[in-house]
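Subject: Structure handover

Hello,

Here is the structure you will be working with. Please open it first and keep it in view while you read the notes below.

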Amino acid sequence: MRAGNSAEKQLWRERTLFVAPLGHHYRLPARIWQWVLRAGVAAGHFPAVVAPAAAPTSAAPAAQPYLLTLANKPSVLIDRATRGPDGWNDTTLQYREAFEDGLTLNYYEENAGADTLRQQLQTLDPRTSDVWRLLTAKALEQDRYDLFTPITIRPGELARALGLKLHPNGSVRPKDLLRCTQSLFHLERLWLTLPDAAPGDDEGSRQRVLAVMARGRSRKIEGQSVPSSWTLVLGNWAQYFPRSFAPIFRGLVELPANSATNLWTKQIGTELSYWLRETAGDLSTTRSISVQTLLQRASVMQDVLGLRENKNQNRAIERFEAALEQLKHLGLFDHWSYEIRSAAAMDLRQGKPEFFETWLVSQVELRVPEPFLRSIAELAREEKPVGSKTNRHLTAERRP
């Protein structure tokens, strides 16, 4: 928003705003999600700073606080697999989950040796799963029911969408361009094995997760080639699975993965969104899920067991509860607590050796905003089934 050389521009730079409902000036944090500012302007809480000579205009509509992403089985599997190297088989370079019944991811690149691929696989980080969700969100923006329209993405665009800190001159830092490019290369190396094997076959057909149609002109950053743009399209696997969509809060994607608590927040919040989509038919605002189930789905159970082995189980509990608090502030739910019987059982075993197991099997109650549940139910009603050629094994619902 332009403000010429006015005092309003200086106030905007300093993030000092007059909050009308409170009648005072406040300095906002230097890093704040843009949708929060837009929503504040749209609601009349913050002023819309414009050029002095500009005619007054109505405030722009508030941006949606969440991204619409794919939530069918292969897309969720890709999300989990790209959160880091944990869970990958270091020998076969495969990622699979027992309940997926033959659905497997392979990390492969033509003319690359297994040792080289293992080294590349070890550089997987949670930002790659963020990039995956951003790519599927961009594909859905084109046409929700035609996932094969090519999309063009730029590493700088990804860096801004991820909320990465910009250079003081407003440009994307080279190291962040490199990180986003590495995430795109990771995704290009993924192949999905479908559970459509014929009798006598060892495995089903294998398809690229996404196909790279074109790359823009490259430049060198730290000795590595960084294309200016990527034109991508999802692989043919997308046509075999029922269409399923889930809203993932932008704040989760933008949240830096620079601490264990933030990492847990991102992954637990993402899995809660997928879980709410799976139970879209239930409009009750109070939901329960066990701690153990949530930790397993969020791919952090190994961290929890490691903390316990090192006699730091209290840190695991504190980190889990801190993650839930962050998710509450992000708006995923209004309130959380341990279910009353679970809380009583934990109180009874406080300080005893069996307390940790009691915590793992305890139920967490979440009070989810009704508008959010309605939007998920609306998405479920809008989903269209795939064609009649769909293999029955590919449409089976996941069992809890």
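A residue is called buried when its relative accessible area is under 20%, exposed when that area is over 50%, and partly exposed in between (1.4 Å probe, protein chains only). Asn 111 is exposed, because its relative accessible area is 80%.

Some ground rules come next. This is a predicted model, in which local features need a pLDDT of at least 70 and side-chain atom pairs count only at pLDDT 80 or more, while totals for chains, interfaces and linings use all residues. Residues are numbered from 1 along each chain as its sequence is written, and side-chain values use heavy atoms, with hydrogens and water left out.

Confidence

pLDDT is the predictor's confidence in each residue, from 0 to 100. The chain has a mean pLDDT of 82, and 78% of its residues reach 70 or more. Helices (H or I, at least four residues) and strands (E, at least two) are DSSP runs, numbered from the N terminus. Confidence is lowest in helix α1 (residues 7-13), with a mean of 57, and highest in strand β17 (residues 363-367), at 96. Residues 50-62 have a pLDDT below 50, and this stretch has 13 contacts in the model beyond near neighbours in sequence; contact means heavy atoms within 4.5 Å. Residues 387-400 are also below 50, with 16 such contacts. Where pLDDT is low, the predicted coordinates should not be read in detail.

Two loop residues

Asn 111 sits in the loop between β6 (104-107) and α4 (114-121), and its phi is near 70 degrees, a positive value in a residue other than glycine. Lys 311 belongs to the loop between α11 (301-309) and α12 (313-330); its phi is near 65 degrees, also positive. Lys 311 is exposed because its relative accessible area is 71%. Most residues other than glycine have a negative phi.

Helices α11 and α12

The axes of these two helices come within 7 Å and cross at roughly 145 degrees. Axes are lines fitted to C-alpha atoms, for helices over the stretch in contact, and angles run from 0 to 180 degrees between N-to-C directions. Val 304, Leu 307 and Arg 308 of α11 meet Gln 313, Arg 315, Ala 316 and Arg 319 of α12.

The core

A nonpolar core is a set of buried Ala, Val, Leu, Ile, Met, Phe, Trp, Tyr and Cys residues joined through side-chain atoms within 4.5 Å. The largest one has 95 residues, of which Leu 105, Trp 237, Ile 268, Leu 295, Phe 320 and Trp 359 touch the most other members. Helix α12 gives the most to this core, with seven residues.

Two buried arginines

Arg 287 lies in strand β15 (residues 286-290) and counts as buried because its relative accessibility is 4%. Its side chain makes a polar contact with the side chain of Thr 279 (2.8 Å). A polar contact is a pair of N or O atoms within 3.5 Å; within protein, one must be able to donate a hydrogen and the other to accept it, and residues adjacent in sequence count only if both atoms are side-chain atoms. The backbone oxygen of Ser 284 is 2.8 Å from a polar atom of the Arg 287 side chain.

Arg 127 is in helix α5 (residues 126-142) and, at 5% relative accessibility, counts as buried. Arg 127 and Cys 180 are 53 residues apart in sequence, and their C-alpha atoms are 7.9 Å apart in space.

Regards
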